[in-house]
Amino acid sequence: MIDSGLWHTDDPEVPSQRIWLKVRETLERRTSPYQEIAVLDTVLFGRALVLNNVIQTAERDEFCYHEMLVHPVMLAHPAPRHVLIIGGGDGGALRRVLEHNTVERVTMVEIDRDVVEVCRRHLTAIHANAFDDPRVDLRFEDGFAFVQARPSRYDIIIVDGPDPIGTTPGAVLFAGEFYQALADMLTDDGIVVQQTESPFLLPAQTAATYILLRRVLPIARTYLTTVQSYDGAWSFTLGARSIDPATVDEAVLLARMNERGISACRYYSPAVHRAAFQLPVFLQQFLDESLAAGRPAETHPLMPEVNLRFPGFQP
């Protein structure tokens, strides 16, 4: 039973499941030209960014997401110097990228200036003032249009967009034509990674991204983390030209962490890195069957209920 007081519930990815979080207060709420933005002070997870009524990140478990989005690809690369981030307006991914002392320039393309302004004000614990680093080129532009123009080549590309449901501006970042442009912008040893949703609640999106990356790059891998404010397991999917992050030796990863001065991780480690690519049997089978079929398979254990919010895969 839900007791009295202020509670937040996400706009559900699956109509038959909801997450409830008790809220101390609403710190800010505004509507930008693109979406509704709110920062809530929750009892369990601290301050949380909410876009279109869906939690994007929260202070007390953001490291479970941002460390695993960034460090597996950054440490798999021997010397990432030029990095592109699409989205990521909370600054958590940017903060982790800048921890790598090999980085010379980070281009960050965020469509919604209001998101960055709100996060600068309320979520310092997440971004740690990363926006002020002189290596950062922060651009308030449409990420899809930026990528389609192919202005440069990058060692690492990180796509940190919101869930592709409803009217979010980030939905276009999951479109098929987006991936060829990403591949064209990678250097010869470049790697691209994208957050690809819950492998339980939006598995069709996970599979679709895996399929599309395999079409444009020779290496594609899905790996997992756990983010409790998202209610459990979360997936990332990467594509690469020549480096397979799943096979980099733990000793190499540890040496690179030491060389780059990365010592404050709370989730990521070389052992976790290697383990994250070991997928549960049902998920690996689902991805293999989806790849063989050329579209998300119907064999996921929660189908078809979990597919209700996914608009459909366009081969």
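The axes of helix 1 (residues 62-76) and helix 8 (residues 250-260) approach within 9 Å and cross at roughly 100°; axes are lines fitted to C-alpha atoms, for helices over the stretch in contact, with angles running from 0 to 180 degrees between N-to-C directions. Helix 1 and helix 8 are therefore roughly perpendicular to each other, on a scale where angles under 35 degrees count as roughly parallel, over 145 as roughly antiparallel, 65 to 115 as roughly perpendicular and the rest as oblique. M74, L75 and A76 of helix 1 form the contact with L253, R256, M257 and R260 of helix 8, where contact means heavy atoms within 4.5 Å. By class, the residues of this contact comprise five nonpolar, no polar and two charged. Here Ala, Val, Leu, Ile, Met, Phe, Trp, Tyr, Cys and Pro count as nonpolar, Asp, Glu, Lys and Arg as charged, and the others, Gly among them, as polar.

The model is predicted: local features need pLDDT of at least 70, side-chain atom pairs count only at pLDDT 80 or more, and totals for chains, interfaces and linings use all residues. Residues are numbered from 1 along each chain as its sequence is written, and side-chain values use heavy atoms, with hydrogens and water left out.

The protein contains ten helices and twelve strands; helices (H or I, at least four residues) and strands (E, at least two) are DSSP runs, numbered from the N terminus. Of its 315 residues, 58% count as buried, buried meaning under 20% relative accessible area, exposed over 50% and partly exposed in between (1.4 Å probe, protein chains only). Among contacts in the protein with a separation of 6 or more, 67% join residues 24 or more positions apart.

On the helix 7 side, P203, A204, T206, A207, Y210, I211 and R214 meet F286, L287, S290 and L291 of helix 10. Eight nonpolar, two polar and one charged residues make up the contact.

P203, in helix 7, counts as buried because its relative accessibility is 1%. The C-alpha atoms of P203 and S235 are 9.3 Å apart, although 32 residues separate the two along the chain. E197 lies in the loop between strand 10 (186-195) and helix 7. With 0% relative accessibility, E197 also counts as buried. Its side chain makes a polar contact of 2.8 Å with the side chain of Q195; a polar contact is a pair of N or O atoms within 3.5 Å, of which, within protein, one must be able to donate a hydrogen and the other to accept it, and residues adjacent in sequence count only if both atoms are side-chain atoms.

In helix 3 (residues 113-122), the buried residues are D114, V115, V116, V118, C119 and H122. Their cover includes strand 2 (20-31), strand 3 (36-42), strand 4 (46-51), helix 4 (124-127) and strand 8 (136-139). At the start of helix 3, a side-chain oxygen of D112 reaches to within 3.0 Å of the backbone nitrogen of D114.

D184 belongs to helix 6 (residues 176-184) and, at 34% relative accessibility, counts as partly exposed. Residues up to four places away in sequence aside, D184 touches R150, R153 and R241. The side chains of D184 and Q180 are joined by a polar contact of 2.9 Å.
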